[in-house]
Amino acid sequence: MMRTAAVLAFVAAAGCSHAPATTAGSSSGSGAVGYVRMDELVQKHPLYEQLARYDRSIDSFDLSATAPQSARPDPNLAQRERALQQELHDAADRTTKLLDAKQQQYQQQESQAIAAALRGAGQAGPSAASIAGSVNTTAQAQRSSVSAQARRDLESLRANLARQNQAQVAAAQKALNDRADRTYRAKADELQSKESALSLKLASDDSAQRLALRTKLSSLALDDTAREDAQKQLTALDRKEADELAAQRNRDQQTLAALQSSLRTQVQHDLTAQVAAIQQRSIGALSTRQAQLAKQATAPVPGPVIQTMTINGKPQQQVNPNLPPALRARIEQLHNDYQKRFRDDAKTTIAGFEKTRADLSRRYAELHGIEAGSLRGAQAQIASLRQKRDDLYTQITAQIDREVKLIAQQRGISVVLTNVVAPAGGIDLTPDALKDIESLHQ
Amino acid sequence: MNTRFTRRRIAALAFALIAAVLATPAIGATDVTDIGSLDQGALSALPQFQAANKSLSDYGANLQKQYVARARKASQAQQQKLAAEFQGRMAEKQRQLFAPLFGKAQAAIASVASSKNLTVVIDKRIVVFGGVDITGNVRDLLTGIGDPVPPQSTPGPSRVGYVDQATIDATPKVKSATDEFNKFRQDQDKATGDKLRAAKTDADRESIYRDYRKALDDKQNQVLKPVIDSTRGVIADVAKSKNLILVVDRGNIVFGGTDITKDVTDKLK
């Protein structure tokens, strides 16, 4: 009787141990050690497609290191640029005309002043009319030269402004597009994560009911009516989850569509504002330059230079030697004073121009700063994607771990490992786990 | 009377034993009790490890400043020499800071493993289920008063084996295949990056990325997979010959286990 009991106990114990013969014996106990190929299981998980999308996005960012464009360029940009250039051109014309008028006025005043000086000196030499005529000719030539130089300066400034503005508008457009793109993608990622979480939650919430139904269906003793009923319940469960998820997706799509529309409007609005600001700054710069030229025009034009002589092959201006020394000295003094004032004024004009150019360079650098910020934004986006990807992976593996744990417990396996280099005798739980994971799709 | 009583007791005991075993089928199979696991991340969060990390980080920042100051006036050759010197100094500092901590941690792990009759302790990250988690015990020893005392005996032979993947990767066949694949990948990365930057639409980018993945997968199947399969076959053969259950990478073994790296590399030659 005792022997019988011992045999019964041994048989019972042996019957309950599901460990395969391959892993029995030795110092490790019976060897009830299992393993799973986690990569294969992850690939079969319902959320794997989402994970793969993250991987693709990260790879694309890593490979191209550029953020893709989502917002479209402003369709009126070319027209705005043309309008801006036309305004610059008109301003340049107005400045040139004003300069001509001022110089004409000054020339008349100067001629009258010289004639008065000659009359006052009682000079019998060259007549006042003759000197005035000579002054007039020289002044005319100088006026033309100054006017041409001013026109060239203005043209150069206008062209420079146009180039700078074009670059600024393009950079602003890119920065705005990038910002909108980041906002859109961040929202899309957020909604996708929520959808994934919902999908997981639905599957988890219903897992007990699903398992019970599947267990019921696997029973051979089930009659046809009960089987059909259980099958219907299972189908209804699947449909309920699918419907909830689809409804959520629809809502998310609508949210994204609204966001995209809003972002486009916002980009358009911001771009219009920035173009207007750029245009305003350009007009301001041109007005400043125009004012400088106007000031220059009101200053005395070159003094009463009587003759232009060629000395050593170079044209040089000299006061008429036939004039009395005192008068000549007076005219020379007037001429030198004018030259000095002209140089001072020219320095002021150049300094003003340099200031305008420095201001443009600074604004240009600021826009480059925006681009650098955009790049930093792209890197932050990659980091955010990686974080989301890791979170999702953790979610997926946590669910797989739960499924594997259940299987291991059912099969009486003590330890289950993953990342196994070579399974020599452990029990492969991957096929069983795959079935459970795949059932989550149903 | 005594005999009948004895028979009844024996029958009752046998019944109780059968009932107990039938009621808890897992118990009969839960007889692998010599595999432990450790959450190394939890240990690295201990104050002494955090302090060492902070010290190393500060030292590295200071070293970086010194390097920049000296490298500014140096030629390219001198800069390389300088970089090697500073890397050596950094490694030495790391050794100074962490070697005593690792020594204590190893003693604590060995002590706990010995007290629980574990022949191997595995990184918790690869344990899906089961095993004896000794993280709490090791943490208690490391945060307690006094240094942990290492056990007198060495762990018994384990049926969990391990290989040093880096050593296997350095064997001629594996290295040659890996180098070929890496070169291919670098070329693909560059070409694909250029294409992606020039792409106008999301559809274009998707298509370029698909082609890129396919090219890599094809090359991997052609060059790497045969070598990996063959290497795994060799590892499995060695493991079976030594009556091991599983083989994992050395990086996942915290304590104990059976090292079969040399047997595998000998066979791979």
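Mentor: The axes of helix H9 (residues 202-241) of chain B and helix H10 (residues 261-268) of chain B come within 9 Å and cross at roughly 130°. The model is predicted: local features need pLDDT of at least 70, side-chain atom pairs count only at pLDDT 80 or more, and totals for chains, interfaces and linings use all residues. Residues are numbered from 1 along each chain as its sequence is written, with chains lettered from A and ligands numbered from 1 in the order in which they are written.

Trainee: How are H9(B) and H10(B) oriented to each other?

Mentor: Axes are lines fitted to C-alpha atoms, for helices over the stretch in contact, and angles run from 0 to 180 degrees between N-to-C directions. Helices (H or I, at least four residues) and strands (E, at least two) are DSSP runs, numbered from the N terminus. Angles under 35 degrees count as roughly parallel, over 145 as roughly antiparallel, 65 to 115 as roughly perpendicular and the rest as oblique. H9(B) and H10(B) are therefore oblique to each other.

Trainee: Is the crossing of H9(B) and H10(B) left-handed or right-handed?

Mentor: A crossing is left-handed if the near helix is turned anticlockwise from the far one by less than a right angle, and right-handed if clockwise. The crossing of H9(B) and H10(B) is right-handed.

Trainee: Which residues make the contact?

Mentor: Two residues are in contact if their C-beta atoms, placed from the backbone, lie within 7 Å. H9(B) contributes B:Thr231, B:Val234, B:Ile235 and B:Val238, and H10(B) contributes B:Asp263, B:Val264, B:Lys267 and B:Leu268.

Trainee: At what angle do the axes of H5 and H6 of chain B cross?

Mentor: The axes of H5 (residues 76-115) and H6 (residues 135-143) of chain B cross at roughly 130° and come within 9 Å. H5(B) and H6(B) are therefore oblique to each other, and their crossing is right-handed.

Trainee: In what order do the four strands of the open sheet in chain B run?

Mentor: Two strands pair if DSSP finds at least two bridges between them. The order in chain B is S4-S1-S2-S7, with mixed pairing. Strand S4 (132-133) and strand S7 (253-256) of chain B are the edge strands, each pairing on one side only. S2 (residues 120-123) of chain B and S7(B) pair in the antiparallel sense over three bridges; B:Phe255 in S7(B) is the bridge partner of B:Val121. H5(B) packs on this sheet, touching S1 (35-38), S2 and S7 of chain B, and its direction makes about 60° with that of S7(B).
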